[in-house]
2 protein chains.
Amino acid sequence: MKHHYSSYISKRILLATILLLGCFESRVYGKTVHEDGLPSWNESPRKEQIVHFVNEVTDPLSSNFVAPEDRIATFDNDGTLWVEKPMYTHLFAIFDRCRELVAQNPDLKEIEPFKAIIKKDISYFSRLYENHSLDTILGQLLAVPFGGMTVKNYENWNQKWLNAWKHPRFKVGYKQLIYQPMLELIQYLKANDFQVYIFTADEGSFLRLVSEDLYDIPSERVQGSAIRLEYIPENGKSSLIRTYQAQYLNNWSAKPRLINQVIGKRPILAAGNSNGDLEMLQFVDEQPNSLALLVRHTDAEREYQYDHHAEEVQSLANERGWVIVDMKDDWKSVFPSSLE
Amino acid sequence: MKHHYSSYISKRILLATILLLGCFESRVYGKTVHEDGLPSWNESPRKEQIVHFVNEVTDPLSSNFVAPEDRIATFDNDGTLWVEKPMYTHLFAIFDRCRELVAQNPDLKEIEPFKAIIKKDISYFSRLYENHSLDTILGQLLAVPFGGMTVKNYENWNQKWLNAWKHPRFKVGYKQLIYQPMLELIQYLKANDFQVYIFTADEGSFLRLVSEDLYDIPSERVQGSAIRLEYIPENGKSSLIRTYQAQYLNNWSAKPRLINQVIGKRPILAAGNSNGDLEMLQFVDEQPNSLALLVRHTDAEREYQYDHHAEEVQSLANERGWVIVDMKDDWKSVFPSSLE
């Protein structure tokens, strides 16, 4: 771990100074900082459980202490970190892409999935979703509309789309559709040396476009569904091209399986909101020192109120005594302040 | 990034003190440290190219500067970081496991892959390898011998095996079969804020058992081939069980594809030694600021001398002007000093 350049010495001095200043700041403002760690959370048993858990696993004198390298937290994204109603943001992008393709080639409107999109036949997609089949839902929805694109062009198309998109009800962009209390929870965990990951059923490469900006979570900590790519070493300028086939659908039991494949350790904290997160929460809950957190959408006024696609996981959460966050009761504010 | 506990204050003071002490140490021994950054490398154009590259990408005043979050390096393991002759270490483990199973159930010796192992029919495995087919080689070799085991039991079996195994020629364990110059390169890169990953064709879960100990590379930075798992929520104690099927074979073009899937960024440095690394090296080389490094096994006396399975990548390396490390000429020592 030795470094060999003079600039490093000044960097070390700078870092040491910042750390020392931080000590004084913490000493002076310690109490305030403690109370304000999760300012958008109401004082409630849920907040207490979270803070108690973090205190325990970070206290070297506690029998529940967990070494920093094992402080892994995995979050779902849709409905857990940002709004998923009336439809996943990712789906809005996919549908807009399909409409664009149909405009370029009207023959497509006789072919699925374009046909269902043009006819607003949501049941077609519900059936694909309920089917739990990797090939059908991912192939039809995530792969086909962007098939043949380079990874780079896919990123450019979606970045442009994300910059322009507004939520149909709230009339704001994606940056203002994240849950402020959950953002604070991520920051709080990171400040306590947790490695915070997102395991989403969305395509990882979609969410990665915004994860750093939204949550300060870098791309390698965002894992999701994936499309099979082809590597093309064309003209000495190789590229990755998206095929029309699925590689991985990251939902249900696929979440713990992908956690094992990518991280190789069991997280000690997981947060989700729907049945698609059940196995991930269960996988984490069975660790001796762990916290499983379930977000319930109970606030029709500030966000949405619904339990569908979550009945099973809510029942398990009750049975196992997980931290069930009631959005209406537990959150002082839902969105970043500029929205409210 | 605020932290809220008094223990944190003392941790910060401790860290600041260590950093300050580090400054003095660097100041006093600065010159020596610089010269000794890669002490097992002979002074050669290869070492110069590596040091020049690292200087450039870490110098904020250089037009080649790369921000720390994009300083990603990916290393192959077999033949690049540790000895792969006479056979991959991973294969020694798999073959021992097969022999153990045949001893328990002699009928197995009529069934592949057990039959080929007992008869020492290496051509059976060569054909599987050359076939490049995920299902045949991984299913037969990586999955079948450990099928039905929990992930935990798989880890225990292999850890025990690794602790006991000795290399047939060198008569030492795996810890003494890593290349000291490459270990120094990893340390040197990490000291310069690189994120160092291993992308291996071995099963990731095998190499992860030792990666932290050998290279100080944590499990989430080790990505490899994978077996399909099943998630079993049995008796409220869920587990991941290994199936008899392959999930991913991480070699050839699969390496850049997995890099994209797991990290979502193109590395700026890659190191490999065989045709299985060609696409990863090419993928990295085409970045504007990048270094592709190829290890050549030229030292029959201290290690091995061979070019087979590397002809194609060596030819591309010559054509593209990659850093071609000649083990005999470029390395002062090959293994950790206790071995030589």
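A: Happy to! Let's start with helix α10 of chain B, residues 254-262, which is mostly covered in this predicted model: nine of its nine residues are buried. Just after the helix, G264(B) takes a positive phi of about 75 degrees.

Now to the nonpolar core. The largest one has 171 residues, and the residues with the most contacts inside it include L281(B), A292(B) and L294(B) from chain B, along with A73(A), L281(A), A292(A) and L294(A) from chain A. Within chain B, this core draws at least three residues from each of domain 2 (41-84 + 178-330) and domain 3 (89-164). In soluble globular proteins, nonpolar side chains tend to be buried together.

Leaving aside its neighbours within four places in sequence, L281(A) touches A270(A), G272(A), A292(A), L294(A), V313(A) and W322(A).

A73(A), also on that core list, sits in strand β1 of chain A, residues 72-75. There I72(A) and T74(A) point one way while A73(A) and F75(A) point the other way, and all are buried. Strand β1(A) has parallel partners: four bridges join it to β2(A), residues 195-203, and three bridges pair it with β5(A), residues 269-272. F75(A) takes part in both pairings, standing opposite I198(A) in β2(A) and opposite A271(A) in β5(A).

Strand β8(A) runs parallel to β6(A), residues 291-298, over four bridges, and D326(A) is the bridge partner of R296(A).

Stepping back to chain A as a whole, its secondary structure comes to 13 helices and eight strands, and 44% of its 340 residues count as buried. Of its contacts with a separation of 6 or more, 65% are between residues 24 or more positions apart.

Finally, a word on confidence. Chain A averages a pLDDT of 88, with 86% of the residues scoring at least 70. Over residues 1-34 of chain A, though, the pLDDT is below 50, and this stretch has 39 contacts in the model beyond near neighbours in sequence. The model scores ipTM 0.85 and pTM 0.87.

Terms used:
Residues are numbered from 1 along each chain as its sequence is written. Chains are lettered from A and ligands numbered from 1 in the order in which they are written. This is a predicted model: local features need pLDDT of at least 70, side-chain atom pairs count only at pLDDT 80 or more; totals for chains, interfaces and linings use all residues. pLDDT is the predictor's confidence in each residue, from 0 to 100. Two residues are in contact if their C-beta atoms, placed from the backbone, lie within 7 Å. A residue is buried if 20 or more other C-beta atoms lie within 10 Å of its own, exposed if 12 or fewer, and partly exposed in between; C-beta atoms are placed from the backbone. Helices (H or I, at least four residues) and strands (E, at least two) are DSSP runs, numbered from the N terminus. A nonpolar core is a set of buried Ala, Val, Leu, Ile, Met, Phe, Trp, Tyr and Cys residues joined through C-beta atoms within 7 Å. Domain bounds come from an automatic or database domain assignment. Two strands pair if DSSP finds at least two bridges between them.
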